[in-house]
Amino acid sequence: MVQFSERDLQQLKEKGISEEMVLKQIETFKEGIPFVTLEKAAVVDDGIERFTDAEHKKLIDYFEGHRKNLKLKKFVPASGAASRMFKALFNFLGAHDPKKETLSEYLNRTGDEAVEKFADGMEKFPFYEKIGNRIKGKYRSDGEKVYYFIDEMLSPNGLNYGFYPKGLLPFHKYGKDTTTPFEEHLKEAALYTKTKGNANLHFTISEQHDDMFRAEENEASERVSIATDTRFKVTYSNQKASTDTIAVDMTDEPFRNNDGTLLFRPGGHGALIENLNDQEADIIFIKNIDNVVVDRNLEEVANSKKMLAGVLLQVQARAFSFAKKLEQDTVSIDTMNEAKAFLENQLNVHFPESYRGLSIDDQRAVLTDKLDRPIRVCGMVKNEGEPGGGPFWVTDKNGNISLQIIESAQVDVDNERQMSIFKNSTHFNPVDLVCGVKNYKGEKFNLLNYIDAKQGFITEKTQEGKALKALELPGLWNGAMAYWNTIFVEVPLVTFNPVKTVNDLLKQTHQV
């Protein structure tokens, strides 16, 4: 049994973490986190809905007909620093000395395709002119220009883009003006979260970037507000210290820093379920900060979001209707059977064989429990080889089957059948969610009640030269939403334009 000192307990108190929570996390390290059991990939007509153009339009119209009575909000995880975007370029600065070799010699020596692609497309980046003006006269050849361009872009004495949050980098160039992902999200929000002239957005950001985001808001919101006739109500939050997780050594004892304090590490994006839980809205759209489009694709992207919201509202209306009926003392068997069929056919809920043998009262309790949950409608794009998670039917330890978004790290790579199912999935998760977070009485669900703690991740790290194990909480759209009711819907590829590396900005979808 782990014993904590008074100093340890004070540290826990300051972070807002209970001793019980830390002990649970240590137990998780000892037990390990089991791999998920994939039953099969979700495909069109078996876990993924696909709508015709006519159905698509009806769903948009349904959303438009109801939006004025709803509080809508866009929730954007935006705490990621841009350093990973520039990883290959940081490596280049460390490995290449333009005084000792030419760029061609470096490329021949290393075969560095990322730098070669960057150099070839340099003039297409939205920040090309800005950096070009800053380095005039510093270089004697095109090869040197590439080096000084990258150095000016990334060095602390230059633009220091590696320190920036990804959401505040120049992504797109319209004439002489550049726009950030933050500004592009405002434009989108004006199209599908505006009600009564107001659009609500919430960004989760790192504390070190608080002032930078507020400065960008001051500059961009007025410009977009005028262009879209929208008043933007933007709020921010940071990942809570209370969601940090304990680190352990390789014997599963709490890892201690050189000063004797316990080591805690950020819990990953799954920690943001707490921030999401704090939001007040009827419907919340979730989308990553780096997944934005240029103006010519805005309408198609917005229509896709409206369609997903239409699906949610239609299904939610029926779920609310059944939940009300099941509360009545005189609910009929026919109504219960209809509710069960709705759960199975519309909300992808599987019932165990034992359900048939339950008493009427117990069946009603099961139906009520399965209806009384948050609902998420998740857009899915056709899989074109992007790394990341996808939609699957999953069986849990109790034999319950449900729809889940699963990452590769959750699958046993040594299990041939499981890997075959994972690799043969037809669709990919672009992080495109529309969430219903209230019950039929208009009360907010406590989203923390619907997390599967056993869908976290254990990874090995080092600290002060010593090996340790770290715990990531269940991902925001993975285990953190494991017990939500889930609907997957195919959405067009144009809705998925992430920028994972700086060279992704060279893709046609990011060129104006």
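This is a predicted model: local features need pLDDT of at least 70, side-chain atom pairs count only at pLDDT 80 or more; totals for chains, interfaces and linings use all residues.
Residues are numbered from 1 along each chain as its sequence is written, and side-chain values use heavy atoms, without hydrogens and water. Local features need pLDDT of at least 70 and side-chain atom pairs count only at pLDDT 80 or more, while totals for chains, interfaces and linings use all residues.

**Exercise 1.** Find out why the radius of gyration of the protein agrees with that of a compact globule.

Solution. Step 1: the radius of gyration is taken over C-alpha atoms, and the globule rule is 2.2 Å times the number of residues to the power 0.38. Step 2: for 512 residues, a compact globule would have a value near 24 Å. Step 3: the protein has 25 Å, which agrees. As a further description, the C-alpha trace spans about 85 × 60 × 45 Å along its principal axes.

**Exercise 2.** Describe the place of threonine 204 and decide whether this residue is buried or exposed.

Solution. Step 1: threonine 204 is in strand 8 (residues 198-204); strands (E, at least two residues) are DSSP runs, numbered from the N terminus, as are helices (H or I, at least four). Step 2: buried means under 20% relative accessible area, exposed over 50%, and partly exposed in between (1.4 Å probe, protein chains only). Step 3: threonine 204 has 1% relative accessibility and therefore counts as buried. Step 4: a contact means heavy atoms within 4.5 Å. Leaving aside neighbours within four places in sequence, the contacts of threonine 204 include Phe75, Pro77, Ser237 and Leu272.

**Exercise 3.** State how many cavities of 30 Å³ or more there are, and describe their linings.

Solution. Step 1: on a 1 Å grid over the protein atoms alone, a cavity is a set of points where a 1.4 Å probe fits but cannot get out, and lining residues have an atom within 4 Å of a point. Grid points are joined across faces, edges and corners, and a volume is the space filled by probe spheres set on the points. Step 2: the count by this rule is two. Step 3: the largest cavity has a volume of about 80 Å³ and is lined by 14 residues, with Phe320, Leu371, Arg373, Asn439 and Phe445 nearest its centre. Helix 12 (residues 298-327) gives the largest share of this lining, four residues. Step 4: the second largest cavity holds about 40 Å³, and its lining includes Leu276, Lys444 and Phe445.

Conventions
On a 1 Å grid over the protein atoms alone, a cavity is a set of points where a 1.4 Å probe fits but cannot get out, and a pocket is an open set with protein on both sides within 12 Å along at least five of seven lines; lining residues have an atom within 4 Å of a point.
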